[in-house]
Amino acid sequence: MILELDCGNSFIKWRVLESSEATVRAEGIAGSDSALIDSLVALPGLLLTRCRLVSVRALEETDKLIAALVAVFGVAVSCATSAREMSGVRNGYEDFQRLGMDRWLAMLGAFKLASGACLVLDFGTAATADFIGPDGGHLGGFICPGMPLMRNQLRTHTRKIRYDDAAAERALERLSPGRTTVEAVERGCTLMLRGFVLTQLELARGYWGEDFTVFLTGGDAELVRDAAPQARLIPDLVFVGLAMACPLS
Ligand SMILES: Nc1ncnc2c1ncn2[C@@H]1O[C@H](COP(=O)(O)OP(=O)(O)OP(=O)(O)O)[C@@H](O)[C@H]1O
Ligand SMILES: CC(C)(CO)[C@@H](O)C(=O)NCCC(=O)O
Ligand SMILES: [K+]
């Protein structure tokens, strides 16, 4: 069995594939290294042979997680690393190593699935957009605060914005102007993200007319779905790219 890990800034997304790589045996989201290991240890019949991992965390943090995986499961871990070019995609950053690995892998996955120009939109801790031309050339992208950061900045820097997660979820049943604090904040931030999507779509149309594929990914992709009904919602887009960047054999 193969363990795949996407270590973001807030959560670790994980899944276990059968060795054939054809079926997902188990998957989940962990808030910490130890929570990840607990979830894995609790899986019945787990027999890991390999592990592939992508991280946007600091090197020391990532190394610590790898050491723990090696210690607990005795598994070899291969880590996705930056490249100037891979699978027909050319990194557009001035310094290619500075481009977030999650963005790079999502781009590889998207270009493979689209075989043409694509706009990749990822909604996690940060919201990101990346533009890949029909020839695989990455034009660059944008990074903005995602839903968790926008909401937490408001909570942190105001005195009267306080509410719990349950109220936040209920507030998003509609997007009409809020009549409570929680509605006003949750709906306001959601509309900001939708505005971000519309702006990116406009930019992409400027480059490629209607000839491009839009990909939505990340934990909060559902929040902006209505703003891009033509988009392909691919929650595991980073994992598609991870398998390309870290082939096992
Ligand atoms: N089961 C879940 N557990 C945790 N967060 C979830 C879950 N489902 C959806 N989310 C949403 O996903 C968001 C986090 O997104 P995601 O996990 O893609 O990114 P991340 O790991 O925090 O950050 P990064 O952008 O660095 O990948 C949170 O705002 C949360 O609302
Ligand atoms: C932008 C995030 C935080 C999105 O997860 C990540 O891709 C990252 O840390 N990137 C490094 C900076 C950059 O991509 O320019
Ligand atoms: K991400």
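Visitor: Which residues coordinate the potassium ion (ligand 3), and at what distances?

Guide: This is a predicted model, in which local features need pLDDT of at least 70 and side-chain atom pairs pLDDT 80 or more, while totals for chains, interfaces and linings use all residues. Residues are numbered from 1 along each chain as its sequence is written, chains are lettered from A and ligands numbered from 1 in written order, and side-chain values use heavy atoms, without hydrogens and water.

The potassium ion (ligand 3) is coordinated by Asp102 (OD) and Asp122 (OD), at 3.1 to 3.2 Å. Donors are N, O and S atoms within 2.8 Å of the metal, or 3.2 Å for Na, K and Ca; water is not among the atoms, so sites may look incomplete. Asp102 belongs to helix α3 and Asp122 to strand β8 (residues 118-123), 20 residues apart; helices (H or I, at least four residues) and strands (E, at least two) are DSSP runs numbered from the N terminus. Asp122 has 13% relative accessibility and therefore counts as buried (under 20%; exposed is over 50%, partly exposed in between, with a 1.4 Å probe and protein chains only).

Between α3 and β8 runs a loop that holds Ser115. The phi of Ser115 is near 40°, a positive value in a residue other than glycine, whereas most such residues have a negative phi. Ser115 counts as exposed because its relative accessibility is 62%.

Asp102 also takes part in the contact (heavy atoms within 4.5 Å) of α3 with α7, where its partners in α7 include Leu237 and Val240 among the listed residues.
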